[in-house]
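Trainee: Walk me through this model, please. I want to know how its parts meet.

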Amino acid sequence: MSEVVTWIGSSLAVAGALAAIIGSLGVIRFPDFYTRTHAASITDTGAATLMILGLILISGWSVLALKLAIIWAFIMLTSPTAAHALTNAAYGAGERPQLGPWRLFDRDRKEAER
Amino acid sequence: MSFLLGHFNYLIVVFLMMGGLWITFSSRNYIKRMIGLALFQTSVGLFYISLGKVAGGTAAIVLDKTSKAGEALNAHLSPDYVARAGVDGVVYSNPLPHVLILTAIVVGVATLAVGLAIAVRVREAYGTVEAGEIAELDRTEAGPRA
Amino acid sequence: MPSFATPLDANTIVDIALLAMLAVIVVAVARTRSLLTAIILTSVYSFISAVWLVVMDAADVSFTEAVVGAGVSTIIALGAILLTRSECSRIPWRETLLPLLLVTVTGGLLVYAALDLPSLGDPSAPANIYVGRLYLQHAEHDIGTPNIVTAVLSSYRGFDTLGETTVIFAAGLGVALLLGFGERALQDTPRPSMAKMAESGQHVVLRVSAKMLIPMISIYAFYVQFHGDLGPGGGFQAGVIMAVAIILHALVFGLQETMESIPPQLARGLSAFGVLLYAGVGVVNLTNGGNFLDYDHLFPRIFEEGLPDSHLVGGHHIWGQHFGILAIELGVFLTVASTMVTIFYAFAGRAPDLSPHGEG
């Protein structure tokens, strides 16, 4: 039984790591500031949730699990707030999102035209 | 190969230290120089901590070898190694470098703040924090404003 | 002595990967001309080295690096570029040649020296067999704290730590002498109060979550402070965490609001009081017939005999050690926290335009 739980926990942690990699890919590939922040913040909380859930399953019913749960609550509080503050400040500073149909190389083309 | 594995940390730390030193030497901007010094200092810390690592060890917080965590730790180590390297049946890393670097980090941020404060005053006096421009201002009549 | 080869286990692989990331970051910092980018990358460098320090079993150091390197020093450096400029000039390649030569020669010499060092993780390396091992063997008996780093920091090497606390105090003093105590912020025309900010609905999300976070961070600081004997933590980390809570308050609600709750006078007073408390504990030991900072003599013998059990464990005064460490850690906590706040006030007070609700 505990073997199975450990396996499930490990695979959740690995899934979290994959989500983090996908998020980093999004930060590199997305065209403008807002989509990039979105990619970073969503996968940040999602990946952390998966990893912490996995670690809780591995650690079993103990104080460690409680501490991990508190860390999760803390991440859920801070990470979205940080993303909000970041985008809010960017909007206040005059950065506008790119609207219109999705074109991955929109930004690069604009830079070429300049 | 095993030699490289055992000395990889030192080589990388030398690279990091020299990177910080290069930033400090080559920049003309005082703030950038302080950043270089901060990197250099952190890297020296990494070197100390590398020296104190003991393979298969754990953090220097006293652990009962019969507890669950102690048994999990010793499960991967040969009893011979534990007897040779451990204290009371548990292998710890050396705590002394940790103590030295812990205080050095906090002292480091305080001294970094002093350096940055001096840069701020230089900017208020000269209007710039670039070493070349400051030397130019000193050479001409302009001089510091304050 | 049997020869030792570093094992290629998970620990070593993570170690190599993290160090490679650090090398990449240093190259990126050296190449960028934007100081803002450089500072953020330095912050990332601190976070990655904090993770690396956990791999190297240095839990206490990792803790400190994460709070100090990535938290406070980033904020101070950002304040400094706000007051100066955020771009550095281009360096002609000709002028980089001499530094490059110098760095290459120095690096080459260091590598030559590093080749003679013992392999990573060698338990019989000279650094690991003398005094470090003695601390591990005797700390629990002598001092009675499970966390040996705390035992060494505050008892065995208490004199050293007193010196470092004084350096932090002196550095705070230096910054205050250079930049002032941040009075400029108080002299300005009054900013919109918290009630007005609430009415206009500015930064609702930030203010609400800051109100939830600041008490949690403060409580966590005290947990780290008083749990430092048993687990990773202690006065240095707790002091910086407390300072971070105060700085967060200033960033969200404005410097003036924070200065009303924690006046600069209080911060600089506590900064000095912390060092005084630390040195005072040493003097108390002297008056009771011990050496400076020898906590075995913290309490007079007559008083100690009245305390419940284990007042003398194997010739050592566990009560004296326990309360001595508690007192000096409190001194460290007060000095570190209020010095960091004083430094922040000094930088933030210089920038009257650093508005919490301005555009940019």
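Mentor: Start with exposure: buried means under 20% relative accessible area, exposed over 50%, and partly exposed in between (1.4 Å probe, protein chains only). This is a predicted model: local features need pLDDT of at least 70, side-chain atom pairs count only at pLDDT 80 or more, and totals for chains, interfaces and linings use all residues. Residues are numbered from 1 along each chain as its sequence is written, chains are lettered from A and ligands numbered from 1 in the order in which they are written, and side-chain values use heavy atoms, with hydrogens and water left out.

Trainee: Is Arg139(B) buried or exposed?

Mentor: Arg139(B) lies in helix α6 (residues 131-139) of chain B. Helices (H or I, at least four residues) and strands (E, at least two) are DSSP runs, numbered from the N terminus. The relative accessible area of Arg139(B) is 59%, so this residue is exposed.

Trainee: Which residue meets Arg139(B) in a salt bridge?

Mentor: A salt bridge is a side-chain nitrogen of Lys or Arg within 4 Å of a carboxyl oxygen of Asp or Glu. The N to O distance is 2.9 Å, and the partner is Glu136(B).

Trainee: Which residues are joined into one network by salt bridges that share partners?

Mentor: Take one pair, Arg350(C) and Glu124(B), with the closest N and O atoms 2.5 Å apart. Arg350(C) lies in helix α16 (residues 318-350) of chain C and Glu124(B) in helix α5 (residues 95-126) of chain B, so the pair joins two chains. Arg350(C) is buried at 11% relative accessible area, while Glu124(B) is partly exposed at 30%. The network is made of Arg121(B), Glu124(B) and Arg350(C).

Trainee: Which residue forms a salt bridge with Asp57(C)?

Mentor: Both partners are buried. Asp57(C) lies in the loop between α2 (35-55) and α3 (59-83) of chain C, and the partner in the loop between α2 (30-52) and α3 (68-74) of chain B, so the pair joins two chains. The closest N and O atoms are 3.0 Å apart, and the partner is Lys53(B).

Trainee: How many salt bridges are there over all chains?

Mentor: Across the interface of chain C and chain B there are three. Between chain A and chain C there are zero. Over all chains the count is six.

Trainee: What area is buried between chain C and chain B?

Mentor: The size of an interface is often given as the accessible area lost when the parts come together. Here buried area is the accessible area (1.4 Å probe) that two parts lose on being put together, summed over both. Contact means heavy atoms within 4.5 Å, and 102 residues of chain C are in contact with 82 residues of chain B. Carbon and sulfur atoms give 76% of the buried area, which is about 8,200 Å².

Trainee: Which three residues supply more of the area that chain C buries against chain B than any other three?

Mentor: Their share of that area is 8%. One of them is in the salt bridge with Lys53(B). The three are Asp57(C), Thr84(C) and Leu136(C).

Trainee: Which residues is Val109(B) in contact with, leaving aside its neighbours within four places in sequence?

Mentor: Val109(B) sits in helix α5 of chain B. At 2% relative accessibility, Val109(B) counts as buried. Its contacts are Val68(C), Val72(C), Ser73(C), Ile76(C) and Met340(C).

Trainee: What area is buried between chain A and chain C?

Mentor: Nine residues of chain A are in contact with 10 residues of chain C. Carbon and sulfur atoms give 79% of the buried area, which is about 790 Å².

Trainee: In chain A, which residues lose the most area to chain C?

Mentor: Together they account for 50% of what the chain A side buries. They are Phe74(A), Leu77(A) and Thr81(A).

Trainee: What area is buried between domain 1 and domain 2 of chain C?

Mentor: Domain 1 covers 7-117 and domain 2 covers 136-355, with bounds from an automatic or database domain assignment. Their centres, taken over C-alpha atoms, are separated by 28 Å. 13 residues of domain 1 are in contact with 18 residues of domain 2. Carbon and sulfur atoms give 85% of the buried area, which is about 1,300 Å².
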